[in-house]
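Please keep the sequence and the structure in view while reading.

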Amino acid sequence: MATTATEKKPLIEGWTEAPINLEWPERYVSIAAGLKFSLSGLANIFNSPFTSILKIGAGGYLINRGITGHCEVYSRVGKNSTEPVNVNIRTSFTVNKPRQEVYEFWRQLDNLPKFMKHLESVEVLDSKRSHWVLKLPANVATVSWDAEIVNDEPGYAIGWSSLPGSTIDNAGKVRFRDAEDGKGTLIDVVISYLPPAGGVGTALGHVLNPLFKKMVDDDVRNFKQYIDIDENPSAITSQLHSAVV
């Protein structure tokens, strides 16, 4: 299908000389999502400065992407469409509870939204399958998928993966080890999100990477507070080590 001269131009003349590599529907969605991120960041800039700055940055990126019609990620791979990027999160921390008790809490997957605020809900369907609903930052949208327990080592490890055909691909693994002092549990968490296919999913994957890290860091702290009865800071002897790779 022929492309008109109008479709090859940015919304604002002179905004950029970079080549147009986005279709109009994708540009509209980028602008709308960018405005929502930016407004949310501005509204909460004094209450949550760090998160707000990330939202404003993400919003600016998406707005610029939509106005110019240019995506640098696409240019680097030489395509007008590309595969979505994987968002991988690794976190390790210690809680002051016995390993078996912590395992049993995580194994009941519908417990997770009690401290994982980026999850709207997890519905247990049977002994292996569950339905997950995730909230994107700034409440841009929710995405859901069905997952299945693929590895279960009672007291030691849990692994899950989204089922084929899910809206968003997700996989995770949690390992539980006795702390060196013998009184707590060391938890190793690996979570992987693969955004929906298509340009918007790709852009959100790149932009939301730091936001997901911040969200999960907050969720980890929520879990420590939720599971540890003793709220004295001296009772929490471990340091949190989180990284997005």
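Two strands are said to pair if DSSP finds at least two bridges between them, and the strands themselves (E, at least two residues), like the helices (H or I, at least four), are DSSP runs numbered from the N terminus. The model is predicted, and local features need pLDDT of at least 70, side-chain atom pairs count only at pLDDT 80 or more, and totals for chains, interfaces and linings use all residues. Residues are numbered from 1 along each chain as its sequence is written, and side-chain values use heavy atoms, with hydrogens and water left out.

## The β6–β7 hairpin

Strands β6 and β7 pair in the antiparallel sense over 10 bridges, and within this pairing Ala171 has Ser192 of β7 as its bridge partner. The two strands form a hairpin with 6 residues between them, and in the turn Gly182 has a positive phi of about 75°. Strand β7 is largely enclosed by the rest of the structure, because 7 of its 10 residues are buried, where buried means under 20% relative accessible area, exposed over 50% and partly exposed in between (1.4 Å probe, protein chains only).

Arg177 lies in β6 (residues 169–178) and Asp188 in β7 (residues 185–194), so the pair ties together parts that are 11 residues apart in sequence. Arg177 is partly exposed, with a relative accessible area of 42%, whereas Asp188 is buried at 19%.

## Salt bridges elsewhere

A salt bridge here is a side-chain nitrogen of Lys or Arg within 4 Å of a carboxyl oxygen of Asp or Glu, and by this rule the count comes to 5. As background, side chains of opposite charge can pair when their charged atoms come close.

One of these salt bridges joins Arg129 and Asp126, whose side chains meet at 2.9 Å, N to O; Arg129 counts as partly exposed at 33% relative accessibility, and Asp126 counts as partly exposed at 31%. Another is formed by Lys97 and Glu101, with the closest N and O atoms 3.8 Å apart. In that pair Lys97 is buried, with a relative accessible area of 11%, while Glu101 is partly exposed at 37%.

Asp178 lies in strand β6 and, leaving aside residues up to four places away in sequence, touches Arg99 and Gly184, contact meaning heavy atoms within 4.5 Å. The side chain of Asp178 makes a polar contact with the side chain of Arg99 at 3.1 Å. A polar contact is a pair of N or O atoms within 3.5 Å; within protein, one must be able to donate a hydrogen and the other to accept it, and residues adjacent in sequence count only if both atoms are side-chain atoms. Asp178 and Gln100 are 78 residues apart in sequence and 9.5 Å apart in space, C-alpha to C-alpha.

Thr68 is found in helix α2 (residues 49–68) and is buried, with a relative accessible area of 2%. A polar atom of the Thr68 side chain lies 2.7 Å from the backbone oxygen of Asn64.

## Aromatic pairs and the nonpolar core

The structure holds 11 aromatic pairs, counted where ring centres of Phe, Tyr and Trp (its six-membered ring) lie within 6.5 Å, with planes under 30 degrees apart taken as stacked, over 60 as edge-to-face and the rest as tilted. Among them, Phe105 and Phe115 form a tilted pair, 6.1 Å centre to centre with 35° between the planes. This pair links Phe105 in helix α4 (residues 99–107) with Phe115 in the loop between α4 and β2 (119–124), 10 residues apart, and both Phe105 and Phe115 are buried. Phe105 and Phe223 form a tilted pair as well, at 5.9 Å and 50°, and here the link runs from helix α4 to Phe223 in helix α5 (residues 199–227), 118 residues apart. One aromatic cluster is formed by Phe93, Tyr103, Phe105, Trp106, Phe115, Phe176, Phe223 and Tyr226.

A nonpolar core is a set of buried Ala, Val, Leu, Ile, Met, Phe, Trp, Tyr and Cys residues joined through side-chain atoms within 4.5 Å. The largest such core has 29 residues, of which Trp106, Trp132, Ile187 and Phe223 touch the most other members. Beyond residues up to four places away in sequence, the contacts of Ile187 include Phe93, Val102, Trp106, Val174, Phe176 and Phe223.
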